[in-house]
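These are my notebook entries on one chain, kept in the order in which I looked things up. I began with charged pairs and went on to helices and surface.

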Amino acid sequence: MSDAHKSDALLVVVTLMAAVSWIFSKEAILLMPPLLFMAARFFIAGGILVLAAWRPLSRLSPDQVGRCLGVGLVFGVAMCFWIMGLVHASSMGEGAFLTSLGVVIVPILSRFLFKEPQPASTWVAIPIAVAGLALLSLKNGFRPEPAQAFFVGAAFILALFFTLTTRTANQRTVINRRGERIEKHKVSALPLTALSLTTVSLVTLLASLVFEPWQQVLTQPPAALFGWVLASAVIGTAGRFLLQTYAQSLSAHSHGVVILILEPVWVTLFAAGWFGETMTALQMAGCTLIFAALLVNRWGVVSRAIKGWLRNQKSEKSG
């Protein structure tokens, strides 16, 4: 198996790990305060990665550390919105599709915040995504449920997180106020992920201290709770991000962006199997439109993937 094919196969596993993590999280927040759960989950995951990244972390400049912490701060706020959406959600599948809207929002933020040009497919995808959102809200007379509002908020903030992560993980030149050109050195994936996940744990811990009671969890923690927290931290967070980083390092031409949008599909299937969740026809239609928007938004990558697959099939037959 080539590195490119191995990368794609591993990224499918990543989407499965991410989807299963929704179940771990849903089970955990039934047993403990949700923000406290996120603090514990990301503290464990961040601690594992900090140990693995100790040497590269020690070589980071103050500017690089500051940018990593900024990425983690944005990620932490997004995770607060996401977990509160999960608390109120009646459908995990719907929540996964709403959260995946971050993929569509990323190029919009890049265009308006950082003046980066975007392909036409981005602007075609937006009305399709909006139509999907409208269908999901129809059952309430166009009044979104609290969970929907939290998930959409998380999608917007996650889009900013994705954008900042890309800028931090790549070398770039900026112009300061005095007109001087300054090189912003990239931060490699492992230390960047380690610092950002650890920062998420601090953000969610602070939010939990302000908004949540801890007494019952500290005095009478259910036995199953530790398993759900560890599974979420090790499999759904540290393991998932490490495997994703490794898979992306195997091939510069991997079709990973397309593969990663399988996550909401897996979440819907797992939620149906694990929790017995079902969707109405309107919900299914809304989620289908959102998925279509994701594909349109990444049509360039999708078309290259199809052409590459057809070329491989042709070469195999001729060989």
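I count a salt bridge where a side-chain nitrogen of Lys or Arg is within 4 Å of a carboxyl oxygen of Asp or Glu. The model is a predicted one, and I kept that in mind throughout.

Entry on salt bridges. I searched the whole structure and found 2 salt bridges. In one of them the side chains of Glu263 and Arg240 meet, with 3.7 Å from N to O. I then looked up where the partners sit: Glu263 belongs to helix α13 (residues 263-274) and Arg240 to helix α11 (residues 223-250), so this pair ties together parts that are 23 residues apart in sequence. Glu263 counts as buried at 18% relative accessibility, and Arg240 also counts as buried, at 17%.

I noted the salt bridge between Arg67 and Asp63 next, at 3.0 Å from N to O. Here both residues lie in helix α4 (residues 62-88), 4 residues apart, which is about one turn of the helix. I find Arg67 buried, with a relative accessible area of 12%, whereas Asp63 is partly exposed at 35%.

Entry on helix α14. I checked its length: the 17 residues of α14 (residues 281-297) should span 24 Å at 1.5 Å a residue, and the end C-alpha atoms are 24 Å apart, which agrees. I listed its buried residues as Gln283, Gly286, Cys287, Ile290, Ala293, Leu294 and Asn297. Seen down the axis of α14, these fall within an arc of 110 degrees, so they line one face of the helix. On the face turned away from that buried side I noted the exposed residues Ala281 and Thr288.

Entry on Thr99. I located Thr99 in helix α5 (residues 92-99), and I record it as buried because its relative accessible area is 11%, below the 20% cut-off. Leaving aside residues up to four places away in sequence, I see Thr99 touching Trp22, Trp82, Phe151, Ala155 and Leu158.

I found a nonpolar surface patch of about 530 Å², made by Leu205, Leu206, Leu209, Val210 and Phe211. Of these I looked up Leu205, which lies in helix α9 (residues 189-211) and is partly exposed, with a relative accessible area of 30%.

Entry on the whole chain. I count 15 helices and 2 strands, and 46% of the 319 residues are buried. The chain exposes about 16,100 Å², of which carbon and sulfur atoms supply 68%. Among contacts between residues at least 6 apart in sequence, I note that 85% join residues at least 24 apart.

Note on methods: Residues numbered from 1 in each chain as written. Predicted model: local features only at pLDDT ≥ 70, side-chain atom pairs only at ≥ 80, totals over all residues. Heavy atoms only, no water. Patch = residues over 30% accessible without salt bridge, like charges linked within 9 Å, V, L, I, M, F, W, Y side chains within 5 Å. Areas by Shrake-Rupley, 256 points an atom, 1.4 Å probe, with all protein chains shown as cover. Buried < 20%, exposed > 50% of the residue type's maximum accessible area, 1.4 Å probe, protein only. Expected span 1.5 Å × (residues − 1). Arc of directions from axis to C-beta. Contact = heavy atoms within 4.5 Å.
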